[in-house]
Each structure stands twice: as structure tokens, then as C-alpha cells.
Amino acid sequence: MNQQIVIAVVGSGYVGLVSAACFAEMGHRVICVDNDEEKVRLLNEGGVPIHEEYLPEILSRHRGGSIEFTTELHRATSQAQVIFIAVGTPQSDTGDADLSYVDAVASEIARSIDSYKVIVEKSTVPVYTNEWITRILERNGTQKDTFDVVSNPEFLREGTGVTDFLHPNRIVIGVESERAARVMRQIYGPLTSGAYYNLPHAVPGSRSANNPPPLLKMSTKAAELTKHATNAFLAMKISFINAVANICDAAGVNVEEVAEGVGMDERIGPKFLRAGIGYGGSCFPKDVAAFRWVAEQLGQQFDLLAEVEKINSQQKKLFFRKIRSALWTLRGKNIAVLGLAFKGGTDDIRESPAIDIVNMLLKEGCCVTLYDPAAMERTKTVIPPGPQVRYASDMYEMAQDAHAVLILSDWQEFAAIDLDRLRNALRHPIVIDGRNLFDPELMLEKGFTYFSVGRPYPTTSVKALKTL
Ligand code: UDX
């Protein structure tokens with residue numbers, strides 16, 4: 001197939017591990033580095049630390065062959081031609097991205113450069129980070145002509161990361177030299193040439209040999225900004241539809257009808273117009289704040305983003321008011337909670353609106369029974385089991401004797417729940433759905449009192465919702 005390249009991926013979080021596995025899948029040799037010894041041991045022993053579709057299959061296909069896991073950053077960067085930095089860039093107290101991990105890795109790389117290397121930022125970073133990495137390498141004595149710094153932002157979503165990586169809408173590379181551009185084209189050659197999609201074991205998705213992804217070449221700063229602007233725009237789309245949903249609630253209109261009507265305009269598009277309890281996760285909240293900070297540093301007020309954040313945080317409070325209005329008093333009530341992850345299909349609870357809502361319930365004196373197909377272990381570390389908190393082993397046990405069920409993440413299996421069994425398990429058949437998973441008419445037919453986001457109550461009690 002295409003030419004094999006030796007790649008080091010530094011950081012084995014969602015982006016790092018998925019990228020490493022997919023590069024191996026594309027035919028490259030990959031050394032994945034992490035300073036967490038426990039994680040590296042788990043990965044070497046065949047474990048998979050995150051919940052991602054297709055990741056276990058790909059890792060077992062290449063583990064012990066074209067992919068290895070190590071804590072030895074120095075060895076990995078010496079052996080690799082290309083080093084991807086995919087370490088965390090958490091939000092600092094002031095809203096900007098904390099780049100200390102990127103700084104530490106760049107300094108370590110500087111000490112191990114003995115031949116030409118391409119250093120690629122994969123983590124989401126503010127514009128100008130590539131220039132800082134260049135400066136760090138030079139300060140540590142690295143010769144200018146022995147490296148290039150490239151920005152190659154990653155647009156994968158958690159849960160569907162492997163498919164998103166191998167079947168991307170576009171591949172963005174920000175480069176300042178033709179030499180680095182050539183290397184990046186070689187790395188992504190199996191995708192851009194379409195060759196990967198002809199392999200018998202290729203992960204299925206929207207791309208094919210006849211419809212390979214485009215590679216967009218731009219300046220490094222443009223690539224850095226592309227990533228922040230993309231995430232900020234998507235977050236804005238969600239806040240926009242949530243604000244519209246609140247108007248729909250007040251007007252007795254179904255927001256899904258409006259979203260369909262709006263989304264059919266090709267200039268807008270139908271995706272990311274699902275109203276709910278707001279966005280969470282490791283990217284949108286952090287990146288919206290970081291982009292606002294970047295704008296401020298460059299002398300620009302990006303107040304639109306402050307509004308996006310405000311709507312997002314209000315969305316949880318409005319949902320909480322719905323719970324209160326459905327149940328009246330909350331102290332001592334048993335609430336069943338379906339979904340803890342920040343969205344369905346992942347075990348990640350970072351910035352999860354579900355966790356915030358559970359904490360609000362606990363503060364009000366509720367007892368909660370929690371269930372999530374993948375995120376319960378992680379949730380136990382922040383909401384430990386106790387007199388007010390129980391974890392259930394399945395959806396029906398969760399519902400047993402509860403005063404109401406809340407739906408807080410959009411797992412597909414929740415939508416397939418046996419509604420009769422659910423109703424029979426509950427003390428009161430009340431469902432308050434923060435993800436609009438069910439058809440309100442069907443819920444009424446099944447005997448539930450059903451509240452959702454931006455969709456009228458399917459009886460004459462639209463008026464009741466208007467007072468929320
Ligand atoms: C996001 C971006 O989509 C991805 O391109 C980037 O690389 C990382 O950040 P991710 O955080 O995995 O990916 O989740 P995503 O599927 O985008 O959802 C983010 C949040 O928005 C979730 O809480 C989700 O429930 C919410 N969401 C999404 C909505 O509330 N409504 C929608 O219509 C879409």
C-alpha cells in the first residue's frame with residue numbers, strides 16, 4: 001500500500017489512543033507514549049481504557065505488531081520520524097488552555113532530536129501554540145532545519161472516534177514547509193488515496209475508495225483557529241436550538257418540527273440541532289472558553305461565545321425547574337436517573353450536564369438511583385454510593401419504586417426500553433426527558449406523564465408547561 005512511517009503519539013487519551021490505533025490500522029508503525037504507567041500496562045496486557053466503538057478490534061489486530069505502548073518518551077521520539085502531541089490541554093482558572101503538558105513534551109522532544117522530525121499538534125490548542133513549540137525547541141538548542149511544527153487538528157467525537165478518524169469530513173493540515181506537507185500527505189495517503197477503504201478489514205463508514213476524504217492544507221495558525229472555530233460554532237448551534245426550544249416550550253410548539261424546517265436549509269444543515277439539557281464533554285465547554293480567551297488576548301471581544309455559555313448553563317437550571325414543577329417538593333423523593341455520561345455512547349463524564357443535575361437533586365435532599373451503560377464506574381469517583389445514592393444494575397431495577405425517571409444522556413438502548421415494564425416498576429409513571437428520546441404521543445398512550453425539552457405536553461395541559 002502506501003509508505004510506512006514510524007509515528008510516536010504522545011498521550012493516550014481519547015484523541016491520542018484513537019489516533020495511534022488508527023495510524024496503525026492505516027499501515028504505519030506506531031509508538032504510543034503515556035506517563036501513566038498503569039494505563040500503559042493495561043494497554044500492553046490487552047485492555048482498552050476507554051469506551052470506543054471498533055477500538056478493541058483495531059487494537060487487538062495491531063497490538064504486538066505495528067503498535068506498541070510505552071512510558072519511554074525519549075526512546076519513542078528518537079525512533080519516530082513524526083511525533084504527534086496529543087496530551088491534555090485542560091482549562092485553567094482564567095479560561096485559557098493550560099499548555100503545561102504541551103510545553104513539557106516539547107522540551108523532552110528537543111532533548112531527543114537527532115535527525116529531521118515533524119512535530120504535530122493534535123491537541124486542541126490556541127493560535128500561536130505552534131510558534132511556542134518552535135521557540136521551546138530552539139531554546140533547548142534544536143537546530144531550525146532539523147524539525148517542522150505542524151498543526152493537524154482532530155475532529156473526532158467520543159464514542160464514534162474510530163469511524164470519525166478513518167472516515168473524516170476533511171483532514172486539516174497546517175504547515176509552513178513543503179517538506180512537512182509531504183510527510184503529512186504520506187501519513188494520510190491510505191485515506192486520501194482511498195486505498196484503506198478497499199482493505200477487507202476496513203472499518204465501515206461514509207468514505208469509500210471512490211469517495212476519499214479531502215486534505216486541506218493551510219497555514220499552521222489557520223489550522224489552529226479552524227479547530228477552535230469549528231467547536232465554537234457547533235456549541236453555538238446547540239445553544240441556539242436550546243434557546244429556540246425554550247421559546248417553543250412557552251409557545252406550545254414542537255422544537256423538532258422547527259429544527260427540521262430550519263435544518264433543511266442547506267446553508268444551515270440538520271445536524272447539531274437537537275435540543276436538550278445542553279452540551280458537555282471534554283471539548284465544547286473548554287474550547288468555547290479558550291477561544292473567547294484567545295480572542296480577548298488578540299484584542300477582540302467575542303461576546304457571542306459568552307452568550308453561548310450562558311444559554312448552556314441556564315439549560316440545566318430550566319430542566320431542573322421542570323423536575324420541580326413535575327414533582328412539587330423534592331426532599332425525600334426517589335428519583336431514577338437514566339444516563340450519566342455527557343452523551344450516549346461514551347463512558348466520559350467530564351462536564352456532563354447529567355452529573356450537575358444529579359448534584360442539584362442531592363442538594364435538594366432527593367435520593368437517586370443511577371444507571372448508565374458505561375459511565376457508572378467513573379461517576380462513583382465523584383458521586384460515591386451512600387444513603388442518598390444507589391447504583392442500579394439495569395434500567396428496570398433503577399426505576400423500581402421511583403417517583404420519576406429522568407433521562408439525561410442519549411443512549412440508543414434507552415430509546416429501546418420496554419415502556420410497559422418501566423411504567424410497572426415506577427411508583428409514579430412520570431418521565432422527564434432531557435434528551436427528547438421518546439415520542440410524546442406514545443408516552444401518553446403508554447400511560448406516562450411525560451415532559452421533554454421544547455415539545456408541548458401532548459394533552460390540553462400545554463398551559464401547564466407555559467408556567468414553567
Ligand atoms: C466534540 C466535537 O463534535 C468533535 O468534533 C471534537 O473533536 C470534540 O468535541 P464530543 O465532545 O465527543 O465531540 O461530542 P459531540 O457528539 O460533539 O457532543 C457534544 C455535546 O453536545 C454532548 O453533550 C451532546 O449531548 C451535545 N449535543 C450534541 C446536543 O446537546 N445537541 C446536539 O444536537 C448535538
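1. Glutamine 388 touches Leu362, Gly365, Cys366, Cys367 and Val368, leaving aside residues up to four places away in sequence, where a contact means heavy atoms within 4.5 Å. Glutamine 388 sits in the loop between α14 (376-382) and β11 (389-391); helices (H or I, at least four residues) and strands (E, at least two) are DSSP runs, numbered from the N terminus. With a relative accessible area of 31%, glutamine 388 is partly exposed, a class that lies between buried (under 20%) and exposed (over 50%), using a 1.4 Å probe and protein chains only.

2. On the basis of the model: this is a predicted structure, in which local features need pLDDT of at least 70 and side-chain atom pairs count only at pLDDT 80 or more, while totals for chains, interfaces and linings use all residues. Residues are numbered from 1 along each chain as its sequence is written, and side-chain values use heavy atoms, with hydrogens and water left out.

3. The ligand is surrounded by 18 residues, of which the closest are Phe155, Leu156, Glu158, Phe342 and Arg435; a residue counts here if one of its heavy atoms lies within 4 Å of the ligand. Helix α9 (residues 220-251) supplies the largest share of this shell, three residues.

4. Ligand oxygen atoms lie 2.8 Å from a polar backbone atom of leucine 156, 3.4 Å from a backbone N or O atom of leucine 273 and 2.9 Å from a polar backbone atom of arginine 274. The protein covers 95% of the 670 Å² of accessible area that the ligand has on its own, areas being computed by the Shrake-Rupley method with a 1.4 Å probe.

5. Two backbone angles deserve a look. Most residues other than glycine have a negative phi. Phenylalanine 272, however, has a positive phi near 60°; this residue is found in the loop between α10 (255-263) and α11 (284-297) and is partly exposed at 27% relative accessibility. Tryptophan 328 likewise has a positive phi, of about 65°, and is placed in the loop between α12 (303-327) and β9 (334-338), where tryptophan 328 counts as exposed because its relative accessibility is 72%.

6. Tryptophan 132, in helix α6 (residues 129-139), is partly exposed, with a relative accessible area of 43%.

Notes. Polar contact = N/O pair within 3.5 Å; in protein donor to acceptor, adjacent residues only side chain to side chain.
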